[in-house]
Amino acid sequence: MKVDIFDFHLPEELIAQTPLKNRSDSRLMVLNKENGEIEHTVFKNITKYLRKGDCLVLNDTKVLPARLFGVKEDTGAHIEVLLLKQLEEDNWETLVKPAKRVKVGTKLTFGDGQLVAHCVKEEEHGGRVLKFEYNGIFYEVLEALGEMPLPPYIKEKLDDRDRYQTVYAKEEGSAAAPTAGLHFTHELLEEIKNMGVHITFLTLHVGLGTFRPVSVENIEKHDMHSEYYQVSKETADLINNVKKQGGRVIAVGTTSTRTLETIASEHNGEIVAQNGWTDIFIYPGYEFKGIDGMITNFHLPKSTLIMLVSALAGREHILHAYETAVQEKYRFFSFGDAMLII
């Protein structure tokens, strides 16, 4: 399967640079996955498309303010560090710019010495393992010194860092937000719950690999990034019960989808409580075992995410929907509008 068949023309001005004032005022395209029919509405009207007994599954990961700006102790050179993954103790896998200035043994300082890092290992493509030293609690120091690691296609500065978090974000660990959830407000979630729709949470920490382009011609040869997830017994039991009662399981975002499909694939369609790392790559031909529908944003051309939604709704339906979204001037990507595939 060639990567080019997932391409479409996207005018740059449709890439949303800033979030809307009110989260649930974003537009919502509703796509019927069986026949490709499209409806246009606004996100707060999503209640019209949900039914009593359905289950929404949300990802409660919390984005770390993982971008740090520091200096080399010996030369004063400015260095940018992006935290990717915590290893043992205070060692972190990071991306460093400019990487050529940071060798094993290099000492970096941040915020007048509130945070100090030593480079303990060099990896390829600007990767470095840094060991941090600090007083107090690391995440509190990070909260004070770090900035949100916005995706590379967002050029505007974010005035309110909470707008790159879902209102239900809880578990620290993501390098990027699960953006399909950004449209929900506490009020809307309460309204959905009052309809008799179940709401439950899992955790998948989003890695920056989510933005990595597919660089191979045949998508089957793409090396998928790995991300950590966890699902509780309470969530697993609820989802299985909803399925038994004939309700629909609707994943909020590609991250919730990948988590549920990872587990369902291993357990004959059943969801069980477990944690681990997933590198599942979903593209057309895949048979869904865990979900019935999905809420998602509009994705990059030729990305693994557009391949995932094409697997759920059909490539022709998705490309037609995206063509329509461009014509109707929907806003794309992280701060953009939403699609409900059902």
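This note sets out numbered points on the strands, helices and aromatic residues of a predicted model.

1. The open sheet. The model contains an open sheet of 9 strands with mixed pairing, in the order S2-S1-S17-S16-S14-S3-S12-S13-S15. Its edges are strand S2 (38–42) and strand S15 (274–278), each of which pairs on one side only. From one strand to the next, the twist averages 25°.

2. Strand S1 (residues 27–31) runs antiparallel to S2, and 5 bridges join the two. Within this pairing, Arg-27 has Val-42 of S2 as its bridge partner. Helix H3 (residues 233–244) also packs on the sheet, where it touches strand S3 (55–59), strand S12 (198–204), strand S13 (227–231) and strand S14 (249–252). The direction of H3 makes about 130° with that of S12.

3. Strand S14 and its two neighbours. S14 is joined to S3 by 3 bridges, and these strands run parallel. The pairing of S14 with S16 is likewise in the parallel sense, over 3 bridges. Ile-250 of S14 figures in both pairings: Leu-56 stands opposite Ile-250, and Ile-250 stands opposite Gly-293 in S16.

4. Side chains of S14. In a regular strand, side chains alternate between the two faces of the sheet. In S14, Val-249 and Ala-251 point one way, while Ile-250 and Val-252 point the other way. All four of these residues are buried.

5. Burial of helix H5. How many residues of H5 are buried? The count is 10 of the 10, so the helix is largely enclosed by the rest of the structure. Among the buried residues are Thr-304, Met-307, Ser-310 and Leu-312. The surroundings of H5 come from both strands and helices: its buried residues pack against S1, helix H4 (253–266), strand S16 (293–297), H6 and strand S17 (338–341). Just after H5, Gly-314 takes a positive phi of about 95°.

6. The H5–H6 packing. Two packed helices are described by the angle between their axes and the distance between the axes. For helix H5 (residues 304–313) and helix H6 (residues 315–327), the axes come within 7 Å and cross at roughly 120°. The two helices are therefore oblique to each other. On the H5 side the contact is made by Ile-306, Val-309, Ser-310 and Ala-313, and on the H6 side by Arg-315, His-317, Ile-318, Leu-319 and Tyr-322. By class, this contact has 6 nonpolar, 2 polar and 1 charged residues.

7. One of the pairings is that of strand S9 (residues 115–122) with strand S10 (residues 127–134), which run antiparallel and are joined by 7 bridges. In it, Leu-115 stands opposite Tyr-134 of S10.

8. Asn-91 is found in strand S7 (residues 91–97). Is Asn-91 buried or exposed? Its relative accessibility is 12%, which is under the 20% limit, so Asn-91 counts as buried. Leaving aside residues up to four places away in sequence, Asn-91 touches Lys-85, Gln-86, Val-129, Leu-130 and Lys-131. As for Pro-149, it lies 58 residues from Asn-91 in sequence and 19 Å away in space, C-alpha to C-alpha.

9. Aromatic pairs. A pair of aromatic rings is described by the distance of the centres and the angle of the planes. The model has 19 aromatic pairs. The rings of Phe-138 and Tyr-139 have centres 5.9 Å apart and planes at 70°, so this pair is edge-to-face. Phe-138 counts as buried at 7% relative accessibility, whereas Tyr-139, at 29%, is partly exposed. The rings of Tyr-286 and Phe-288 also form an edge-to-face pair, because their centres are 5.0 Å apart and their planes stand at 85°. Tyr-286 is buried, with a relative accessible area of 17%.

10. An aromatic cluster. Phe-8, Tyr-153, Phe-298, Tyr-322, Tyr-330, Phe-332 and Phe-333 form one aromatic cluster. Among its members, Tyr-322 also takes part in the contact between H5 and H6, on the H6 side.

Key. Residues are numbered from 1 along each chain as its sequence is written. This is a predicted model: local features need pLDDT of at least 70, side-chain atom pairs count only at pLDDT 80 or more; totals for chains, interfaces and linings use all residues. Side-chain values use heavy atoms; hydrogens and water are left out. Axes are lines fitted to C-alpha atoms, for helices over the stretch in contact, and angles run from 0 to 180 degrees between N-to-C directions. Helices (H or I, at least four residues) and strands (E, at least two) are DSSP runs, numbered from the N terminus. Angles under 35 degrees count as roughly parallel, over 145 as roughly antiparallel, 65 to 115 as roughly perpendicular and the rest as oblique. Contact means heavy atoms within 4.5 Å. Ala, Val, Leu, Ile, Met, Phe, Trp, Tyr, Cys and Pro count as nonpolar, Asp, Glu, Lys and Arg as charged, and the others, Gly among them, as polar. Buried means under 20% relative accessible area, exposed over 50%, partly exposed in between (1.4 Å probe, protein chains only). Two strands pair if DSSP finds at least two bridges between them. Rings of Phe, Tyr and Trp (its six-membered ring) pair if their centres lie within 6.5 Å; planes under 30 degrees apart count as stacked, over 60 as edge-to-face and the rest as tilted.
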